[in-house]
Every structure is written in C-alpha cells, then in structure tokens.
Amino acid sequence: MLEPEHGLIRQVEHAHIRCWGCVLSCLLLACLYVGSLYVWRSSLPRDHPSVIKRRCVSVVLVSALSPAVVKAWTHWADIRVSESVWELMGVRLEGLVPAATLPLLLTVVFYLGPLVHSAMDNPEGFMGDLQSATSVESWRLCVGDAVWLRNQVVAPVTEELVFRGAMLPMLVPCAGPTAAVFIAPLFFGVAHLHHIVEQRRLHQDSMSIILLVAGIQFLYTTVFGSYTAFIFMRTGHIVGPIMCHSFCNSLGLPDIKSAFHHPQRPALLFSYLMGPLLFLALLFPLTDPFFYGAVPICSLAATPLSACY
C-alpha cells in the first residue's frame, strides 16, 4: 500500500526539482544576456557606435548559446519529444509567411492611433516613411547606422530568441502554456533594470527619477513580453515576435497625452480608441494555429490550454 504513495511523492519531488531547474536556467540566460553587455568596460555612453558594436557581438554570442542551454535542460529534465530544439524555439519553415505577417499586422492595428496622429501632423513625412520602405538607398543608410541596427535588428532578434524562444520551452513543462506566457516576461522586465546602473554611472538624473523611469520601463517591457510570448505560443514561430518587437521599437510608446490637445482631437481620439478595440477583436483570429500548423512547443504541455489552442 505504501509503494504507490511513495512513488507519487517521488514524482512530486522530481517535478519540484525540475521546476527549480527551469527557473535557474532562465535566470542563467537572463544574467548571461545582461552580463555580456558589461564585459566591455567603457566610459562612453550606450549609444556610442563602438559600445553598440561590442555589445551586439556579446548578445549575439549569448543567443547562439541559448539552444545549447535548452538542449541541456531537456536532457537533465528528461523531456522527450519528437520535435528538435530549433523547432521548440520557434525556428521552423511551416507557416513561416503568415507567422511573419499576421502578428505584425495585428501590432500595426494596435498602433492605429499613433499612425493616424503621425499622418495628420506630418503627411509628407508619413508618406516619405512609407516610400523609404521600398528604397534601396534608405535601407543602405539604415544598415550603416549602428543605433538602427541595434534597435531594429540585433535587440529584437537576440531578445526574442533568448527570452521567448529559449525560456518558454523550459517554462511550459513546469508551469503550463498559459502561466508561462506571464512568467517569462518577468525575466525580460527584470533584465531591463540594468539601465539603472548605467544611468547612475553617467549621472544623468537623480536616483528618484532613475527609479521611476526604471519602474515604468519594467511595467511596459513585461506587458510587451507577455504579448510576444502569447504570439510565440499561438504561432510556434519566433519570427512573429521579432517582427512585432522591431516595429514597436521603431514607434515607441503611444503619445496619447498630446492627442487631447490636438486640433482634430475627436477624430484622433477615435483612432486611439479603435486601435486597441480592433486589436482585441483580432487577437485570437489572427493568431489561430490554423494558419501556422502544429505548434511544437505545445507538445511540452501536459494539458494544453487556451494559449495553445
């Protein structure tokens, strides 16, 4: 009579150990990512081209290491699935085109207000931005800009690969798909708190202002991380979160406050309201796994919930 009970206790203990291993592995990746930024000692600001280039090299190396961390964790935790590590991390061909376009379209819909705002304030500049998207010369200038490369390419690719692609496959077996969507972004949010150290070192603001800004940044990076984690869980692709991340980096936070003082306030506020409403209405339809095929990461869940299906 005691043997089944003893076996159950051992299973529970093993599950607890595996979950702690998962959390420590995620912390390791987060620390490696942030720590790699400070391997290069410099008194220069973070936007200096030489600082950007060195830090880009560091985070690319950490990102390249992340599949090995996931692979080692699956062996240690005795996770057995038919999918490869790359597939679990969202690097796959099936459903690639819709995965690269539909989540981005969803994000553009959310930014309807800021886009209308920009078009109203500077119609020529807005049209110029649209035309530059098809200009070879414009892309050449962007690629030659270290800040643009960091914000639009390196940061979205490496952060999504590490904080979504690597962490979610480790969190799902322990926490389940839905909980993992909200847990993984906490590591992402905490990782951005390193800016406190940098701003303090450069004496840019008082400590109270630095902490306030850091708190706001933690809030919106965590919320954004939940969104891209949801996209990853629903599509099984890393390309969607990368595209959304890059787009949001280019536009920043919506400036709703200025809309209240705009000459065309009613129309502008209507667009700011319609953006989130349309976003919520399209959130599940545009991320339906029907467009993307079987989602590899969901095979890790004991009981897949709404985040997967």
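**Helix α8 and its partners**

In this predicted model, Asn151, Gln152, Ala155, Pro156, Val157, Glu159, Glu160 and Arg164 of helix α8 are in contact with Pro241, Ile242, His245, Ser246, Asn249 and Ser250 of helix α12; contact means heavy atoms within 4.5 Å. Sorted by class, the contact of α8 with α12 comprises five nonpolar, six polar and three charged residues. Here Ala, Val, Leu, Ile, Met, Phe, Trp, Tyr, Cys and Pro count as nonpolar, Asp, Glu, Lys and Arg as charged, and the others, Gly among them, as polar.

Two packed helices are described by the angle between their axes and the distance between the axes. Helix α8 spans residues 146-175 and helix α12 residues 239-251; they pack at an angle of about 135°, with axes 8 Å apart. The axes are lines fitted to C-alpha atoms, for helices over the stretch in contact, and angles run from 0 to 180 degrees between N-to-C directions. The two helices are therefore oblique to each other, given that angles under 35 degrees count as roughly parallel, over 145 as roughly antiparallel, 65 to 115 as roughly perpendicular and the rest as oblique. The crossing of α8 and α12 is right-handed, that is, the near helix is turned clockwise from the far one by less than a right angle.

Arg164 lies in helix α8 and, at 0% relative accessibility, counts as buried. Buried means under 20% relative accessible area, exposed over 50%, and partly exposed in between (1.4 Å probe, protein chains only). Leaving aside residues up to four places away in sequence, Arg164 touches Glu159, Pro169, Phe188, Gly225, Thr228, Ala229, Phe232, Ile238 and His245. Arg164 and Met89 are 75 residues apart in sequence, yet their C-alpha atoms are 7.8 Å apart.

The largest nonpolar core has 61 residues, and those with the most contacts inside it are Phe163, Met167, Leu168, Tyr227 and Ile297. Helix α8 supplies the largest share of this core, 11 residues. Such a core is a set of buried Ala, Val, Leu, Ile, Met, Phe, Trp, Tyr and Cys residues joined through side-chain atoms within 4.5 Å. Ile297 touches Leu88, Leu168, Pro169, Val172, Phe232 and Met233, not counting residues up to four places away in sequence.

The protein chain as a whole has 14 helices and zero strands; helices (H or I, at least four residues) and strands (E, at least two) are DSSP runs, numbered from the N terminus. Of its 309 residues, 42% count as buried.

Residues are numbered from 1 along each chain as its sequence is written, and side-chain values use heavy atoms, with hydrogens and water left out. Local features need pLDDT of at least 70, side-chain atom pairs count only at pLDDT 80 or more, and totals for chains, interfaces and linings use all residues.
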